[in-house]
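Work through the exercises below with the sequence and the structure at hand. Each task is followed by a solution in steps.

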Amino acid sequence: MAKTNGKNWLRAKGSASGNKVTFLELFFDLVFVFSISQLSHALAAHYTPLGAAEAALMTFAVWWVWIFTAWVTNWLDPDKMPVRGMLVALMMLGLLLSASIPEAFGDKGLLFAGAYVAMQVGRSLFTTYAMTRVDRANTLNFVRITAWLVAAGVFWIAGGLLEHEARLIAWVIALAIEYAGPAAGFAVPGLGRSTARDWDVSGAHMAERCALFVIICLGEAILVSGRTFAELPFSGLTSAVFVTGFIGTVAMWWLYFRFGHGRAAHRIEHEETPGSLARQAFTYGHIPILAGIIVHAVAVEFMFSHPHETGDLGIAAAVLGGSGLFLIGNLWFKGATSGRMPLSHLAGLVLLILLAFVAPFIEVYLMGILATLVLIVVAAWEYRSLTGTEAAPTLH
C-alpha cells in the first residue's frame, strides 16, 4: 500500500493539469442536477413556513456536502484510481441523498441522514489517509474536520430516528456544528486549530468548480421553465411567463459570470492566503446564490400556476426573494473578492424592497416581470460602470 497512497493520490501542484477540473468531477456534479431539481420541487410542493424551513435546511446540507468535496478534489487527483473509486462511491450515496429529499422529513429521514453522514465522514477519512506521510499540516486538518463531522453526524442520525419538529431541531444543530467548523478553524482539544495558511488551495480550480455548480443550478431553473411551459396549453400569457423566466435566468448568468467569476478567479490566484478567501467567497458566499436560483425556479412555477393571483405574500416572497437572494449572494461574493460592494447590486436590492410594498396589489406574472427588470437594470448598470476595466482588481 505504501506505493498507492500518499502523494500518488495528490494533484501535481503548480502545473496546468494539476489545476484543471477533470471529467470525473463534472460527472460527479451531475448527481447534483438531481438534487437541485428535488429541492425546487420539494419547496414548491410544500410551500409553507415549515416547508420553506425544511427546504432551506436541505439546501444547506446539499451545498455543504458538495463544497466539501470540491475542497477535497482540490488536493486529491481524480485521475488516480483510488480517488476515482471514492468519488464514484460518493455519487452513489449522493443519488440516495437526492432521492430521499422529498420524504426527508417523512419516512426517508434516516436514509437522508445516513447517506449524508456517510458522504461527509467517509470522504474526510479517505482524505486523511491520503495525506498521511505527505502533508502533515493537512493530515491534522482532516483529522480535525473528521472530528467535527462525526460530532455533527450524531445529531444527523439522531434526527433521522426522531420525527416532526424534533427531527428538524436535531438537524439544525447538526448543520450549525458543520457550518461553524471552518470559521472556528475546526479547533479540537489537543490538536489545535487550522490556520488560513494551511489551506493551500488552487484558486483557479476552486473558482471553476463553483462556477460549474452555478451553471448546474441555472440549468435546472431553465429546465423547470421549459418543462412547465411544455405541459401547459399555448397562450400569450404562458409565453410571456416563459420568456420572463428565461430572461431572468440569463440575467443571473450575466451577473455572475460577466464580471464576478473572472475577477474572483484572478484575485484568488494571486492571494497570499487563498484558503481564507476561498472560505469567505466560495464556501459561504455562494450559499445565497444557490438559494436564489432555487427560489427563482420555484417562482417561475408559481408564475405559471397562479399568474393572476394577487395578495398572496408567500408567492410574492418567492418571486421577489429569488432575485433578492441572488443579488445578496453576488454582493457578498464580489465584495469578498474585490474589497468593494457593487453599488448596482445595492440599488437592485432597494428596488426589490420597494416592489415588496406594491406586490400585494399586482398580479403574480407582472411581479415576475418587474423582478426580472430589476435584474436587467442591475446587469446593465454594472456593465456600464465596469466596461473597459475588467482587468482591474476592484469594483468601482
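**Exercise 1.** Decide whether histidine 164 is buried or exposed, and state what its phi angle is.

Solution. The model is a predicted one.
- Step 1: Histidine 164 has a relative accessible area of 58%. Exposed means over 50%, so histidine 164 is exposed.
- Step 2: Histidine 164 belongs to helix α7, which covers residues 164-183.
- Step 3: The phi of histidine 164 is positive, about 55 degrees, although the residue is not a glycine.
- Step 4: Most residues other than glycine have a negative phi.

**Exercise 2.** Find how many disulfides the model has, and classify cysteine 210 and cysteine 217.

Solution. 
- Step 1: A disulfide is a covalent bond between the sulfur atoms of two cysteines.
- Step 2: A pair counts if the sulfur atoms are within 2.5 Å. By this rule the count is zero.
- Step 3: Cysteine 210 has a relative accessible area of 0%, so it is buried. Cysteine 217, with 1%, is buried.

**Exercise 3.** Compare the span of helix α3 with the expected span, and state how many of its residues are buried.

Solution. 
- Step 1: α3 runs over residues 49-75 and has 27 residues.
- Step 2: From first C-alpha to last, α3 reaches 40 Å, close to the expected 39 Å at 1.5 Å a residue.
- Step 3: Of the 27 residues in α3, 21 are buried, so the helix is mostly covered.

**Exercise 4.** Which elements give two or more residues to the nonpolar surface patch, and which residues does glutamate 382 touch?

Solution. 
- Step 1: The patch has about 1200 Å² of accessible area together, and its members include Met341, Leu351, Phe357, Val377 and Trp381.
- Step 2: The elements giving two or more residues are α13 (343-358) and α14. α13 gives the most, with eight residues.
- Step 3: Leucine 351 is found in α13. At 35% relative accessibility, leucine 351 counts as partly exposed.
- Step 4: Glutamate 382 lies in α14 (residues 364-386) and is buried, at 2% relative accessibility.
- Step 5: Leaving aside residues up to four places away in sequence, glutamate 382 touches Leu255, Phe259, Lys334, Ser344 and His345.

Definitions and conventions. Residues are numbered from 1 along each chain as its sequence is written. This is a predicted model: local features need pLDDT of at least 70, side-chain atom pairs count only at pLDDT 80 or more; totals for chains, interfaces and linings use all residues. Side-chain values use heavy atoms; hydrogens and water are left out. Helices (H or I, at least four residues) and strands (E, at least two) are DSSP runs, numbered from the N terminus. The expected span of a helix is 1.5 Å times one less than its number of residues. Buried means under 20% relative accessible area, exposed over 50%, partly exposed in between (1.4 Å probe, protein chains only). Contact means heavy atoms within 4.5 Å. Patches are made of residues with over 30% relative accessible area and no salt bridge: like charges are joined within 9 Å, nonpolar side chains (Val, Leu, Ile, Met, Phe, Trp, Tyr) within 5 Å. Accessible areas come from the Shrake-Rupley method with a 1.4 Å probe; for residues, only the protein chains shown count as cover. A salt bridge is a side-chain nitrogen of Lys or Arg within 4 Å of a carboxyl oxygen of Asp or Glu.
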